[in-house]
Amino acid sequence: MYHIARFVAQTVVAFIMVLPIFAQPGPRSHALDEDGALALLEQTLKDDAVYAHRISLDCITYGTEETTGAYFQFVLRENHNAKCGGDPETSPAVDRYRVYRKSGKIEWLERAEDDWQPYNPAEIR
């Protein structure tokens, strides 16, 4: 009985030591499709409360501007209606983002420099 308990204990210890090797984060196993990329962007913006002090997320619409083999480019526009206000004939762009298919990495277009930057909610707010 002692040998069985010792064997089980050694097996558990070995498993615990090897587990972190297999649990390392890596690239996505499947590339994002357009719906997945948009869902990732929406959830990220919501979790980071990027627009909490600027505009309600209920007053933003998302549009796909560009699709490549590497990324999806989305534009966020003001939604002008009775609830959100504004001229319903216009929908000004708020920001633009790229979501990379394989990595899920998000970039933001810094408009003043017309340059794509790594997503950093503190810079966008």
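# Reading a predicted model, feature by feature

Visitor: Let me start with a single side chain. Does histidine 80 count as buried or exposed, and how do I tell?

Guide: This is a predicted model. A residue is called buried when its relative accessible area is under 20%. Histidine 80 has a relative accessibility of 15%, so it counts as buried.

Visitor: Where is histidine 80 found, and which side chains does it meet in polar contacts?

Guide: Histidine 80 sits in the loop between β2 and β3. Its side chain makes a polar contact of 2.7 Å with that of glutamate 78, and another, of 3.1 Å, with that of threonine 90. Setting aside neighbours within four places in sequence, the residues in contact with histidine 80 are Gly85, Gly86, Asp87, Pro88, Thr90 and Pro92.

Visitor: How many disulfides does the structure hold, and which cysteines form one?

Guide: There is 1 disulfide. It is formed by cysteine 59 and cysteine 84, with 2.0 Å between their sulfur atoms. Cysteine 59 belongs to the loop between α2 and β1, and cysteine 84 to the loop between β2 and β3, so the pair ties together parts 25 residues apart in sequence.

Visitor: What is the handedness of the disulfide, and how accessible are cysteine 59 and cysteine 84?

Guide: For handedness, look at the torsion about the S-S bond: for cysteine 59 and cysteine 84 this is about -90 degrees, so the disulfide is left-handed. Cysteine 59 counts as buried, at 11% relative accessibility, whereas cysteine 84, at 23%, counts as partly exposed.

Visitor: Now the helix. How should I read the sides of α2?

Guide: Here is the general idea: with 3.6 residues a turn in an α-helix, residues three or four places apart point the same way. In α2 the buried residues are Ala37, Leu41, Thr44 and Leu45. They cover an arc of only 95 degrees around the axis, so they are on the same side of α2. Their cover includes β1, β2, β3 and β4. On the face turned away from this buried side are the exposed residues Asp35, Lys46 and Asp47.

Visitor: What span should α2 have, and how far apart are its end C-alpha atoms?

Guide: At 1.5 Å a residue, the 14 residues of α2 should span 20 Å, and the end C-alpha atoms are 20 Å apart, which agrees. Just after α2 comes alanine 49, with a positive phi of about 50 degrees. Alanine 49 is in the loop between α2 and β1 and is partly exposed, at 35% relative accessible area.

Visitor: On to the strands. How many bridges join β3 to β4, and how many pair β4 with β5?

Guide: β3 and β4 run antiparallel and are joined by 3 bridges; valine 99 stands opposite isoleucine 106 in β4. β4 and β5 also pair in the antiparallel sense, over 4 bridges, with glutamate 110 opposite aspartate 115 in β5. In β4, 4 of the 5 residues are buried, so this strand is largely enclosed by the rest of the structure.

Visitor: Which residues take a positive phi in these hairpins?

Guide: The hairpin of β3 and β4 has 5 residues between the strands, and glycine 104 there takes a positive phi near 75 degrees. In the hairpin of β4 and β5, with 4 residues between the strands, aspartate 114 in the turn has a positive phi of about 50 degrees, although aspartate 114 is not a glycine. A residue counts as exposed over 50% relative accessible area, and aspartate 114, at 59%, counts as exposed.

Technical notes
Residues numbered from 1 in each chain as written. Predicted model: local features only at pLDDT ≥ 70, side-chain atom pairs only at ≥ 80, totals over all residues. Heavy atoms only, no water. Helix = DSSP H or I, 4+ residues; strand = E, 2+ residues; numbered from the N terminus. Buried < 20%, exposed > 50% of the residue type's maximum accessible area, 1.4 Å probe, protein only. Expected span 1.5 Å × (residues − 1). Arc of directions from axis to C-beta. Contact = heavy atoms within 4.5 Å. Polar contact = N/O pair within 3.5 Å; in protein donor to acceptor, adjacent residues only side chain to side chain. Disulfide = S-S within 2.5 Å. Pairing = 2+ DSSP bridges.
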